[in-house]
Amino acid sequence: MSTRTERTTLALNQARAHLDAGIAAFNAFVVALQHRDVPEARVRVKAARLSPHKIAAELEREAEALAAHFRAVAQLQTVEMARASDWERRAMLAVQDGRDDLARHALVRCGQHQAQADQLAAELTEWNLVHDQYRVTIALLRQDAKQGEVHPP
């Protein structure tokens with residue numbers, strides 16, 4: 001696994017862990033509210049020092065940071081696809097010149113760049129799933145915060 005892939009995977013795992021922690025705190029808050037145990041909800045939120053607004057704001061910051069990272073990954077994927085296409089073109093030219101040895105080498109390079117582009121595409125697909133989770137969670141947090149804010153006594 002490449003270093004870039006490891007860093008991306010680590011960043012996604014950290015984001016998921018933080019998201020899961022925020023969701024767990026929020027779910028505890030919602031459960032307490034559903035049971036009309038407002039003091040318990042206040043205690044849970046105060047103990048966690050997280051409000052739905054704060055959780056949503058933190059998730060929005062993380063989502064934007066990851067989005068910036070993955071915009072760069074998308075650009076890199078485009079570059080890798082262009083490189084693969086260029087090597088494929090070179091292979092075709094080598095075949096036309098009767099240089100099968102160069103054509104094989106060019107196809108190997110083409111395959112390397114295409115594999116890298118495919119790996120980046122998979123990372124982008126995974127990012128889209130994580131980003132969707134962020135958006136849904138943030139929307140739910142914002143909606144619940146508007147509908148049932150718990151105000152201190």
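At 45% relative accessibility, does aspartate 101 count as buried, partly exposed or exposed? Aspartate 101 counts as partly exposed (buried is under 20% relative accessible area, exposed over 50%, partly exposed in between; 1.4 Å probe, protein chains only).

This is a predicted model, where local features need pLDDT of at least 70 and side-chain atom pairs pLDDT 80 or more, while totals for chains, interfaces and linings use all residues. Residues are numbered from 1 along each chain as its sequence is written, and side-chain values use heavy atoms, leaving out hydrogens and water.

Start with the whole chain: four helices and zero strands (DSSP runs of H or I, at least four residues, or E, at least two, numbered from the N terminus).

Next, select Leu59, Phe70, Trp127 and Tyr134, which touch the most other members of the largest nonpolar core, a group of 15 residues (buried Ala, Val, Leu, Ile, Met, Phe, Trp, Tyr and Cys joined through side-chain atoms within 4.5 Å). Helices H3 (52-96) and H4 (100-147) each supply at least two of its residues, and H3 gives the most, with eight. Apart from this core lies another of five residues, including Trp87 and Cys110.

Now show the charged side chains, where six salt bridges are counted (a Lys or Arg side-chain nitrogen within 4 Å of an Asp or Glu carboxyl oxygen). Arginine 99 pairs with aspartate 101, closest N and O atoms 3.4 Å apart. Aspartate 86 and arginine 90 sit four residues apart in H3, so about one helical turn separates them.
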